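Okay, everyone, thanks for coming. Let me put the structure up, and then I'll walk you through it.

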Amino acid sequence: MTKIAIWCRHTNDNIIGIGPNIPWHVSSDFKRFKRITNGHHLVAGQTTYESFPNRTLPNRKLHVLTFDKTYQVSDTENHFVHTDYHDFDTFENDLFIVGGASIYKLFMTNINTMPDVIIDSEYLPNLSSEFSGTPVDITPCINAMHAYYERIGTPQKLDNIVTTVWVKKDIQTPDILEHIFNAIHQQ
Ligand SMILES: NC(=O)c1ccc[n+]([C@@H]2O[C@H](COP(=O)([O-])OP(=O)(O)OC[C@H]3O[C@@H](n4cnc5c(N)ncnc54)[C@H](OP(=O)(O)O)[C@@H]3O)[C@@H](O)[C@H]2O)c1
């Protein structure tokens, strides 16, 4: 299996959320996320899972990380509860790590659980003042990305978002990269 982290962060300060919200609405970014993750297994923290419309993402298997062993998912056929992120150490499928901040940090700051690939999207404009709440950033993940990963391919710019793919320095090129690049460059 290949582990892939996918995020969209505000450039320079690495903010991915204000309170519970992602502080931008860029439909091409949501569409790209859907194309890349369609049909795959995704792992999300409980807060991010609760933020999905109706607590679901169609045509994807959702793995929810929570400390609450009694947590109830919205779809017991396609969603699964995990209380230990080491469940994914030997996971048989490709796995997309889709946030939020605590989950990115969990995987990215442990050398043994770091994803093989990162799809790093940067939102370039200033943040809108319509969002209020505590900013949530992933700076430790970005520091680890610069230390342990190398960029591959050409960054793609669309609607003020630049997307770059990074691969861990010590791994063989995973098969899923072709799918990722096709999904990024399709519009
Ligand atoms: N821009 C992006 O790409 C993007 C993507 C996703 C999310 N976001 C943003 O990220 C923010 C949410 O991030 P967050 O850090 O607050 O929440 P989160 O990571 O989505 O979820 C946090 C929850 O995950 C569970 N958890 C954390 N560590 C765990 C562990 N080691 N084992 C088991 N369960 C664990 C806990 O659930 P329990 O409390 O149930 O125990 C914890 O409360 C929001 O602003 C959201 O909009 C942005």
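**How the chain packs**

So, in the protein chain, 66% of the contacts with a separation of 6 or more come from residues 24 or more positions apart; a contact here means two C-beta atoms, placed from the backbone, within 7 Å. Before I go on: this is a predicted model, where local features need pLDDT of at least 70, side-chain atom pairs count only at pLDDT 80 or more, and totals for chains, interfaces and linings use all residues. Numbering starts from 1 along each chain, as its sequence is written.

What's in there? The protein chain has five helices and ten strands. Those are DSSP runs numbered from the N terminus: H or I, at least four residues, for helices, and E, at least two, for strands. The radius of gyration of the protein chain is 16 Å, close to the 16 Å the globule rule gives for 187 residues, so it's as compact as a globular protein of that length. (That radius is over C-alpha atoms, and the rule is 2.2 Å times the number of residues to the power 0.38.)

As for burial, 33% of the 187 residues in the protein chain count as buried. Buried means 20 or more other C-beta atoms within 10 Å of a residue's own; exposed means 12 or fewer, and partly exposed is in between, with C-beta atoms placed from the backbone.

In helix 4, residues 139-148, the buried ones are C141, I142, A144 and M145. Looking down the axis, these buried residues fall within an arc of 160°, so they line one face of helix 4. (The arc is taken from the directions from the helix axis to the C-beta atoms.) Over on the other side of helix 4, H146 and A147 are exposed. And what covers that buried set? Among the cover are helix 3 (101-108), strand 7 (117-123), strand 9 (149-158) and strand 10 (161-168).

Then there's helix 1, residues 27-37, where R32, F33 and I36 are buried. They cover an arc of only 100° around the axis, which puts them on the same side of helix 1. S27 and F30, on the other side of helix 1, are exposed. The cover for the buried residues of helix 1 includes strand 1, strand 7 and helix 5 (176-185). After helix 1 comes G39, with a positive phi near 80°.

Last stop, the ligand. It is surrounded by 26 residues, with G17, G45, T48, G99 and G100 the closest; the cut-off is a C-beta atom, placed from the backbone, within 6 Å.
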